[in-house]
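Welcome! Let's get to know this structure together through a few questions and answers.

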Amino acid sequence: MFFSNPPLFPSVRKATVLFFIFVSRGKKMTSSRRHHLKSLMLQIAASWIEQEKDDIEAAKEAYMSENCPAPDLSGDQAALLEICKKLHAAIDKIDEARYDAEAKVQKTDKELEDLKLKVIELAGVKKPALKKVRMSADAMLQALLGGKHKVTMDLRANLKQVKKEVKEEPTEAVGDWRKNIEDKADRKKMFETS
């Protein structure tokens, strides 16, 4: 933009819009011509700003003279006290009107917020695609409970230790292995012969 911090006057906006419309018509112009046009537009915008300031001041003075005439301070103390009471009553009325206006504004702001929330609810919330995450049970609990808690999910640690009892057969019962083979061979012969 051709000025760094533009004022918020409507006349400046009009001037910039007119300038950009003129420049964007597609006609090529030299940089000196463009610079000259910019300076002219800035001068016009500055004069419009001064005119708007004067109009605002005139409107303020007209409103104040119409609604707040200058008090007549000639008279005795009782008359001045009466004027002060009238001024206080007027200030109270204005404060009540201001309070009512603020209450209305707050109420409409709340209604606007409610309506925005309803619009969002009606539009629906798009659920993002879930990503597969490989996470151990310890890491999941730590994420849920926060970094303060150190949680371990070693389920085997909570189990009871059971010692296996090894049955020891007496060595006498086992006997000689050759004898057992011979006995089995005799049984085989018995089945074959019958």
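Q: How many residues apart are Arg98 and Asp95 in helix H3?
A: This is a predicted model, and in it Arg98 and Asp95 both sit in helix H3. A salt bridge links Arg98 with Asp95, and their closest N and O atoms are 3.8 Å apart. Along the helix their spacing is about one turn, that is, three residues.

Q: What is the N to O distance in the salt bridge between Arg98 and Glu102?
A: Side chains of opposite charge can pair when their charged atoms come close. Arg98 and Glu102 both belong to helix H3, four residues apart, which is again about one turn of the helix. Their side chains meet in a salt bridge, with an N to O distance of 3.1 Å.

Q: Why does Glu102 count as partly exposed?
A: Partly exposed covers the range between buried, under 20% relative accessible area, and exposed, over 50%. Arg98 is partly exposed with a relative accessible area of 44%, and Asp95 is partly exposed at 36%. Glu102 counts as partly exposed because its relative accessibility is 38%.

Q: Is Leu144 buried or exposed?
A: Leu144 lies in helix H4, which spans residues 137-145. It is part of a nonpolar surface patch with Val133, Met135, Met140 and Leu145, and together these five have about 520 Å² of accessible area. Since exposed means over 50% relative accessible area, Leu144, at 68% relative accessibility, counts as exposed.

Q: Which helix gives the largest share of the lining of the largest pocket?
A: The largest pocket holds about 230 Å³ of space. Its lining is made up of Asn67, Cys68, Pro69, Pro71, Leu87, Ala90, Ile91 and Ile94. Four of the lining residues, the largest share, come from residues 77-123, which make up helix H3.

Q: How many residues in the lining of the largest pocket are nonpolar?
A: Asn67, Pro69 and Ile94 are among the residues that line the largest pocket. The lining has no charged residues and one polar residue, and its nonpolar residues number seven.

Q: What percentage of the residues of the protein chain count as buried?
A: The protein chain has six helices and zero strands, and from the N terminus on its elements run α-α-α-α-α-α. Buried means under 20% relative accessible area. Of the 194 residues of the protein chain, the share that counts as buried is 6%.

Terms used. Residues numbered from 1 in each chain as written. Predicted model: local features only at pLDDT ≥ 70, side-chain atom pairs only at ≥ 80, totals over all residues. Heavy atoms only, no water. Patch = residues over 30% accessible without salt bridge, like charges linked within 9 Å, V, L, I, M, F, W, Y side chains within 5 Å. Areas by Shrake-Rupley, 256 points an atom, 1.4 Å probe, with all protein chains shown as cover. Salt bridge = Lys/Arg side-chain N within 4 Å of Asp/Glu carboxyl O. Helix = DSSP H or I, 4+ residues; strand = E, 2+ residues; numbered from the N terminus. Buried < 20%, exposed > 50% of the residue type's maximum accessible area, 1.4 Å probe, protein only. 1 Å grid on protein atoms, 1.4 Å probe; cavity = no way out; pocket = protein on both sides within 12 Å on 5 of 7 lines; lining within 4 Å. Points joined across faces, edges and corners; volume = space filled by probe spheres on them. Nonpolar A, V, L, I, M, F, W, Y, C, P; charged D, E, K, R; others polar.
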